[in-house]
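Colleague: I would like to go through this model with you. Please set each value against its definition.

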Amino acid sequence: MANIREIRERIASIQQILKITNAMYLISSSKLKKARKSLDDTTPYFEKLQSTIESILEHTPHTRQFYFDKRQGISDDKRKKGYIVITADKGLCGSYNHNILRYTEQKLSEAKYIDNCYLFVMGHVGRMYFQNRMKRDKMAYVDGEFLYTTQNPTLYRAREIAELVLEKFEKKELDEVYLIYTQMINSSQFEPKTVQLLPFSRRHLGKSPDGTMKKLPKASFVPSPEEVMAYLIPNFAKGIIYGAMVEAFCCEQQARMTAMDSATKSAKDIIKELSLLYNRARQASITQEITEVCGGAESINN
């Protein structure tokens, strides 16, 4: 059995860890509420954008807009695919990072021509992981200049990312762009998800899987529908990216809350066990001292 001093030191050490895990739980809870509020505040704007784009497409079903170009003339072996992957900047969030990294690897393995795949990774954990994989194995190219944090998502950051991928799509440096992030099913269940960002499709508007929409009488637009869509779609793409960033950030904070809650409970259980051992050791020490005092007194009397 460990002596009293060792047990006391272990209890003090675990109590310090308990304070840290409890503080991290509270911080994650605060960040989660703040991110959700920011998303709720901006949702009406992007819903209005979506309804406006939907209205234009209903009145001009044959609009030829650049962002809708699926480039069917390019064969599969030459199509350049970009993946925006959202991971975390830190650990201590359970299996959150592991799940999104494995999911991304699975998506890359499904691609027939991995040499034409490009990764734009948000978050320090994912960036370091894929850069090391790229050096060690034959992996998709990781853009080393794509340095964005996932902490405290902002519309400004989402706009920069949207402008970057839209510019690459316009210059035909990318033919398809996908967004990989973690979606929150409920407070205890998350799952990785893939959303095709470009080329833009009517599926983005939440219509039927085949993309069918109502056909209304044709209307005239000033300026042309193509010019209007050229302004609206980049803003709507920004909203999709921002929503994914907030969703992933909320999943990360919820996963960290769950991990820290489990760590706090484990720390309390360990402290309880160590306290029991401490009391037993202390009781044994007291008993030994009493025995030695009684033995000494008896030897003096004799």
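Colleague: Why is T182 called buried?

Modeller: T182 has 4% relative accessibility. Buried means under 20% relative accessible area, with exposed over 50% and partly exposed in between (1.4 Å probe, protein chains only). T182 therefore counts as buried. This is a predicted model: local features need pLDDT of at least 70, side-chain atom pairs count only at pLDDT 80 or more, and totals for chains, interfaces and linings use all residues. Residues are numbered from 1 along each chain as its sequence is written, and side-chain values use heavy atoms, with hydrogens and water left out.

Colleague: Where is T182 found, and what is T182 in contact with?

Modeller: T182 is found in strand β4; a strand is a DSSP run of E, at least two residues, and a helix one of H or I, at least four, numbered from the N terminus. Leaving aside neighbours within four places in sequence, T182 is in contact (heavy atoms within 4.5 Å) with Y96, I100, F190, E191, P192, E247, A248 and C251.

Colleague: Which residues of α2 are buried?

Modeller: The buried ones are Y96, N97, I100, L101, Y103, T104, E105 and L108.
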